[in-house]
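Work through the exercises below with the sequence and the model at hand. Each task is followed by a solution in steps.

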Amino acid sequence: MTTMAIPLPRTKAPIARLLRSELRMMLRRPRTLVGLGLLAAVPVIAGIAIRIAADGDGPVGEGLSTLVAGNGLMLPIFSLLAALTMLLPLVGATLAADALAGESTNGTLRSLLVAPVSRPRLLAIKAFGIATVTLLACLLMAATGTITGIILLGGDGMLTVSATRLPFADGLGRVLLTALLVAVQIWGVAAVGLAVSAWTDHPLIVLSVALGLLIVSGVLSAIPALDWLDPVLITSGWESIGEVARDPLPWPTLTEGVLRAGCYILIGYSVALSRMLTRDG
Amino acid sequence: MVAAARTRGLRKVYRGTVAVDHVDLEVPTGSVMGMLGPNGSGKTTTIRMLLGLVEPTAGEVELLGHRLPDGLPRALPEVGALVEGPGFHPFLSGRENLLRMGAAEPALATQAIPAAVSEALERVGLAGAADRRFKAYSLGMKQRLGLAAALLAPRRFVILDEPTNGLDPAGTRDVRAVIADLHAAGTTVLVSSHLLAEVEATCTHVAVLHQGTVVAQGDLTTLLDADSAGLLVSTPDVTRAVDALRDNRIPARAVPNGILADLTTTTAPAVVETLVRAGVPVHEVRRQRTGLEDLFARLTEPSPTDSLDAELAMIGDAR
C-alpha cells in the first residue's frame, strides 16, 4: 500500500513576492518619488553653484568643496555628505514613519496581518523596504552627482585630499563606497525611527523623535565637557566619512562609524520587534 | 462538527476599561451569523480577537478548529475579513491595492493573483472603477473594495464587520447577495451590524452583544419564537373576548380587529378553548411573531418587558 502525503495548505506567502510587492508600493507612493527626485537634484544644484563660483573671482568655499572645483568625482561625495546632515535622515525617518505607524493608521497593516503575514515577517519586510529605498536614494545621488560632476566640473580621475590622483575607476569606487557608508548611517537613523514607529500610530511622532535625536546628538557632541559621550552618539563619525577622499583609505575610522550604526540598527530593530509582537493590530 | 469559531470566557481589558467579558460565542459551520449590538457593545473587539489582531486578556479562541494564537497561521489563510472599515493605500488604484493584498495571501499561487483580483472586483461590482485611485473612491466604493479583499482567496469563513456601512440601497442589496452566495457555497459568515432588518434578512443565526457580553445567541427562528409570547385572535367581539380571558386569569388586550393574549402563563389551545366556551366568534388565530427589533430592544434596553405589562395594567385600571 502506498502512503499518500497530504499536502499541508500553505501558511505563508512566498517571501520574494511580498518583498517585491512592498517595494512596488513604496516606489508608487508620491512622497517617496518626490523625495527621491529632490535628493537626485541636490548634486546637480551643488554642481551648478560650484561651477558658477569657480568661474567667478571669489573663493569657492571651504573644506571639501574647495576640492570639488575641477574635480568632478568629488561632487557626489560632497553632496552625499551634505545630505547626510539632514536631508537623508529625513527621508529615512519618513519611510520608517510610514512603514508601521502610517500603515497602522490607514488600516493596511491590519489587512496584512489577517492575510496572514506573521508579525516578525511583516517587520522584516518593512525593514527591507526602508533599507532598499534609502540605499536607492544614496545611489541615485551618487549617480546624478557623478554625471553632473563630470559634465560641469570635469577633471581627470579623482584628486584626493592627500594630493594623490586616483584613476577614474578607483575614483568611482570611492563614490560608491561613500554612498554605501552614508546609507548605513541612514539605516541607523531609520532603525530608531522603526522602533518608534512600532510604538505609535502617529507618523509625526516618529519624525520628531528621529530628527530630535539627531539634533540632541549634534548638540551634545559640541559640548567639550561631554566628550566621553561621543562614542555612543549617533552622529559621531558622520563627518569622518569624508575621509574616503584620503589616499590610502583610513579603514579603522570608516569601520568604526559602520559598527556604531550597526549597534543602532540592532537596538532599533530589537525594540521594534519586541513591540511588534505584542501590539494591537 | 467543529464550529467555525468558538470562544470561551473571552475577556479584554483596555487600560482598566472592560471592553468584553465572558464572551462564549459559537459560530456554527455553514451558518450566517449576525452579530448585533449597540455601539460600543464589544462587537469589533470580539472580532479583532477572533482574528488574532488583539490578544485577549483572558479566555480562549478557536478559529476553524485551531487554537489561537498558535493556530493563526493555519487558520487565517482560509479566513477572509473586513474589519473596522476598508484599509487601503490611497495612492494606489483599487486593482493595485488588491494585487498587493493578493501577494500576501498564502492560499493564492503567484500566477493566479491577477485573475483572482479581477474576479473579486467583478463580484463586488467594482470592475468599472478598478483602475481609479482608492483616494478618489466614494465611501460605498471603498467598502466594496474591502469586501473584495475579504473574498480574494477561497474561504471557509468570512468575517464582515459592518459591511453595509456607507452603502446605498443597491450596495446593500449587493452585499446581501454576496452573503447569500457564500452561504450557498457552504462558507460560514459572521457579519456584525446594527441594521436589524439587514440581519433578519440574511442571517440564519444571531448573537446579541450588550455591554461587552453575549446576552443571546442561537438559531434566528428559535430565538424569535421563544421571544413571542403573544397570540393574536381576530374577532368582531373584542370586549367579550377580553372579559372571557381575564375571567380565566389570562392577560389580554384589544388590538385592531381583535385581541392579543399573553402566553407567558398559558398555551395557545387554552386561550382558544376559553374563547370558544365563552361563545366568542373566532375568525383567525396566529402566533404573534416578534421582529428582531423587539427582541433586540428587549435584550439591550433597560427594563424592556415592562412596556407590555404596563399597558395591560393601564387597560385593567381604566375598566
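Two residues are in contact if their C-beta atoms, placed from the backbone, lie within 7 Å. This is a predicted model, in which local features need pLDDT of at least 70 and side-chain atom pairs count only at pLDDT 80 or more, while totals for chains, interfaces and linings use all residues. Residues are numbered from 1 along each chain as its sequence is written, and chains are lettered from A and ligands numbered from 1 in the order in which they are written.

**Exercise 1. Describe chain B as a whole.**

Step 1. Take the contacts in chain B with a separation of 6 or more: 69% of them are between residues 24 or more positions apart.

Step 2. Count secondary structure, where helices (H or I, at least four residues) and strands (E, at least two) are DSSP runs numbered from the N terminus. Chain B has twelve helices and 15 strands.

Step 3. Find the extent and burial. The C-alpha trace of chain B spans about 75 × 45 × 35 Å along its principal axes. Of the 319 residues in chain B, 45% are buried; a residue is buried if 20 or more other C-beta atoms lie within 10 Å of its own, exposed if 12 or fewer, and partly exposed in between, with C-beta atoms placed from the backbone.

**Exercise 2. Determine which face of helix H10 (residues 268-277) of chain B is buried.**

Step 1. The buried residues of H10(B) are B:Val271, B:Thr274 and B:Leu275. They lie on the same side of H10(B) because they cover an arc of only 95° around the axis, the arc being that of the directions from the helix axis to the C-beta atoms.

Step 2. On the other side of H10(B), the exposed residues are B:Pro269, B:Glu273, B:Val276 and B:Arg277.

Step 3. The cover over the buried residues of H10(B) includes strand E12 (230-234), helix H9 (238-247) and strand E14 (258-262) of chain B. After H10(B) comes B:Gly279, with a positive phi near 75°.

**Exercise 3. Characterise the contact of chain B with chain A.**

Step 1. The contact takes 26 residues from chain B and 27 residues from chain A.

Step 2. Helix H2 (72-75) and helix H3 (94-104) of chain B are the elements that give two or more residues to the chain B side. H3(B) gives the most, with four residues.

Step 3. By class, the chain B side has 18 nonpolar, four polar and four charged residues.

Technical notes:
Nonpolar A, V, L, I, M, F, W, Y, C, P; charged D, E, K, R; others polar.
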